[in-house]
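Trainee: Before we turn to particular residues, could you show me how to read burial and contacts in a model like this one?

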Amino acid sequence: ASMSGPIADDVFAGLALRYESSDGFLRNTTLGQDADNTQKISGRVTLRATPTADFEAILRLEAFGNRYGYLGFGVPDDGARRYIVLDAEKVPSTDNSSGASLTLNYNMGGAKLTSITGYNHINTHYWYDFSSDGDAGNFQAQQTGQSLLSEELRLSGSIDKSIDWLAGLYYFYEKLDQHRNFATDQCTQCVFPPVFNPSNVVLE
């Protein structure tokens, strides 16, 4: 759903929301639950102000949240067109992000000055069961935090309407933290993704 329109003189606003859910395609018969069900929600708010004919400011705020079950190992379920997983544990995984951007435009007569500032922060928690049977305590738990900041300054104009020119500066900063926990001590039958082996050695 979305809506937009003026909220004051020279001030405009927009709002957009989205929600999505799914039961998924996997059924955990050990726990009696859907295995890969998902819930997603996102939203964006936009504000635009034009206090003068030469100045414009645009602010955007957005957020996203995703909660989902793991993609476990399964075998075809005859007749039901679904899949069965036997894992003895289920820990929901999450993806959450939030961000903002601010765009400023100023017409100086012979040139136009533009500033674009952006920030985004992302948190993820990914949980994955190694075992394809009812063994418990065999999993990977991965947590990631990421922050991004950028700034663009741009000055543009034209000379005698025949030559366009552009000059600018750009700055970008990124920080990424990731923590992984592997638990395989109780694993009697495990399948390991290619990034590591049963000795708990990361191969990336």
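Mentor: Begin with accessibility: buried means under 20% relative accessible area, exposed means over 50%, and partly exposed lies in between, with a 1.4 Å probe and protein chains only. This is a predicted model, in which local features need pLDDT of at least 70 and side-chain atom pairs count only at pLDDT 80 or more, while totals for chains, interfaces and linings use all residues. Residues are numbered from 1 along each chain as its sequence is written, and side-chain values use heavy atoms, with hydrogens and water left out.

Trainee: Is Met108 buried, partly exposed or exposed?

Mentor: Met108 is partly exposed, because its relative accessible area is 43%. Strands (E) are DSSP runs of at least two residues, numbered from the N terminus, and Met108 sits in the loop between strand E9 (93-107) and strand E10 (111-129).

Trainee: Which residues does Met108 touch, not counting those up to four places away in sequence?

Mentor: Contact means heavy atoms within 4.5 Å, and on that basis Met108 touches Leu113 and Leu155. Leu155 is 47 residues from Met108 in sequence, with 9.9 Å between their C-alpha atoms.

Trainee: Where is Thr38 placed, and is Thr38 buried or exposed?

Mentor: Thr38 belongs to strand E5 (residues 38-52), and its relative accessibility of 18% is why Thr38 counts as buried. Leaving aside neighbours within four places in sequence, Thr38 is in contact with Glu20, Ser21, Ser22, Arg67 and Tyr68.

Trainee: How many helices and strands does the protein chain have?

Mentor: The protein chain has zero helices, which by definition would be H or I runs of at least four residues, and 12 strands. Buried residues make up 27% of its 204 residues.
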